[in-house]
Amino acid sequence: MPRAENIKSADSGESLDAAGFRRDLRKWYKANARELPWRESQDPYRIWLSEIMLQQTRVATVIDRYKEFLQRFPTLVALALAREEDVLAAWSGLGYYHRARSLHRAAQFVMRECNAQLPETAAELRSLPGIGEYTAPAIASICFNEPVALVDGNVERVLLRVLSLGENKRSPAMKRLHEQATMLLDVRNPGTHNQAMMELGATICLPRNPKCSECPVQKYCKTQGEHETTARKTMRSQESVYLLATRKKGTVTEVLMMKRGAEESQMAGMWELPSLPPELFRNSEVLLGLRHSITNTNYYVRVLASKPALMEIAKNEHGDALVWKRQKMLNTLPLTGLARKVLQRMDLLHRPPVHLPGNDRQQIE
DNA sequence: CAGTCGTGGAG
DNA sequence: TCTCCAAGACT
């Protein structure tokens, strides 16, 4: 239990040595910053892309996908001129597909209305689709040196701990976090400072088991890692069954695929394997079984091998949505993450759809 | 403004 | 195995 004598919590910002905090944080960051692909330049398009990809997505997941995406769409103009289908294909498996659609729309807007130059202030950036309260100052500070603070999940956690503000999302303290972040901001190096705050949260001030002994700003911290966490929603379970049907046309292998409706709330317009009613196949022999969790639902997935009877059921269920797709073209489709996983595991998916200049290595098999 | 939107990896 | 949740945005 916190001590009631801790009377400084209400106006904690005042009692913190902001200048010292900034200095120690900056020194630590210069010595310990991870080398990440998006830290190799300040090119606005590249920083922008990285910020969108990193939304609710781990650094380790993003690194390769970021490089591949840049190979495929090297510039803002290249992205703007692409078809949405191809943008989604490059995003396949990353999740939160509205990010890819927004990115694409914003690129088209910037190309047309801004002479292909990204706006340079947080306020202007904020009006672009997909750029919100966090991403706008991130781009503005990193690319254009605008002295604006940001609060992402990392910064929020760092500030709550350093200032001992508790975790109640509805508390007035929560609303003042941006002011606190602004107070701490290094206005001469805003981009570096903002990244340092996030880096601290991502590598030292971890949600569970923070590494306080390694923390460069431990002496400024009121809680020393004590931090309550709120309970999460429990996961639900749901079973699902998919059909994996292939056929040969001469030497060409084809796979039966299905396109999700444009009005679907999840993964609209993306491709997946034809689904079958799970209740009919409780005891069927399974080609592949796996679990796939989406938001707060665990999907227990069974994939069945093709039989004529199953084809009939699928045809009745989905009709014209079913399309035979050439196996070699599958990696150019915007596949759902689950479809990608299944096809990958069945060895039906070849290397990523990236044509590397100067790398004409042939497909294996 | 609370709900919704994906996914994979760590512990 | 199961829970947690990551550089949020949008409605």
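# Chat about a protein model with DNA strand B

Tutor: Let's start with the rings: Phe69, Phe73 and Trp91 form one aromatic cluster. Keep in mind that this is a predicted model.

Student: How are phenylalanine 69 and phenylalanine 73 arranged, and are they buried or exposed?

Tutor: They make a tilted aromatic pair, with 5.1 Å from centre to centre and 55° between the planes. Both phenylalanine 69 and phenylalanine 73 are buried.

Student: How many aromatic pairs are there?

Tutor: The count is five. One of them joins phenylalanine 21 and tyrosine 220, with ring centres 5.7 Å apart.

Student: Why is that pair called edge-to-face?

Tutor: Because the planes of phenylalanine 21 and tyrosine 220 are at 70°, and an angle over 60 degrees counts as edge-to-face.

Student: Where do the two residues sit in the chain?

Tutor: Phenylalanine 21 is in helix α1 (residues 18-32), while tyrosine 220 is in the loop between α12 (190-203) and β1 (236-244).

Student: Which elements supply at least two residues each?

Tutor: β6 (288-294) and α14 (337-345) do.

Student: Which residue puts a polar side-chain atom by a base nitrogen?

Tutor: Arginine 58, at 3.0 Å from a base nitrogen of DNA strand B.

Student: What about phosphate oxygens?

Tutor: Tyrosine 97 has a polar side-chain atom 3.1 Å from one. For glycine 337 the atom is a polar backbone one, 2.4 Å from a phosphate oxygen of DNA strand B.

Student: New topic, then: how many cavities of 30 Å³ or more does the structure hold?

Tutor: Four. The largest cavity has about 130 Å³ of space.

Student: What lines the largest cavity?

Tutor: It has 15 lining residues, and the closest to its centre are Arg161, Cys205, Cys212, Cys215 and Cys221. Helix α9 (residues 153-163) gives the largest share of the lining, three residues. By class, the lining has ten nonpolar, three polar and two charged residues.

Student: Back to the backbone. Which residues other than glycine have a positive phi?

Tutor: Glutamine 56 is one of them, with phi of about 60°. Asparagine 209 is another example, with phi near 55°.

Student: Why point those out?

Tutor: Because most residues other than glycine have a negative phi.

Student: Where are glutamine 56 and asparagine 209, and are they buried or exposed?

Tutor: Glutamine 56 is in the loop between α2 (44-54) and α3 (59-72), and at 70% relative accessibility it counts as exposed. Asparagine 209 lies in the loop between α12 and β1. Its relative accessibility is 66%, so asparagine 209 also counts as exposed.

Student: Last one: where is isoleucine 139?

Tutor: In helix α8 (residues 135-144). Isoleucine 139 is buried, at 0% relative accessibility. From isoleucine 139 to aspartate 43 is 96 residues in sequence and 9.9 Å in space, C-alpha to C-alpha.

How values were computed:
Residues are numbered from 1 along each chain as its sequence is written. Chains are lettered from A and ligands numbered from 1 in the order in which they are written. This is a predicted model: local features need pLDDT of at least 70, side-chain atom pairs count only at pLDDT 80 or more; totals for chains, interfaces and linings use all residues. Side-chain values use heavy atoms; hydrogens and water are left out. A polar contact is a pair of N or O atoms within 3.5 Å; within protein, one must be able to donate a hydrogen and the other to accept it, and residues adjacent in sequence count only if both atoms are side-chain atoms. Helices (H or I, at least four residues) and strands (E, at least two) are DSSP runs, numbered from the N terminus. Rings of Phe, Tyr and Trp (its six-membered ring) pair if their centres lie within 6.5 Å; planes under 30 degrees apart count as stacked, over 60 as edge-to-face and the rest as tilted. Buried means under 20% relative accessible area, exposed over 50%, partly exposed in between (1.4 Å probe, protein chains only). On a 1 Å grid over the protein atoms alone, a cavity is a set of points where a 1.4 Å probe fits but cannot get out, and a pocket is an open set with protein on both sides within 12 Å along at least five of seven lines; lining residues have an atom within 4 Å of a point. Grid points are joined across faces, edges and corners, and a volume is the space filled by probe spheres set on the points. Ala, Val, Leu, Ile, Met, Phe, Trp, Tyr, Cys and Pro count as nonpolar, Asp, Glu, Lys and Arg as charged, and the others, Gly among them, as polar.
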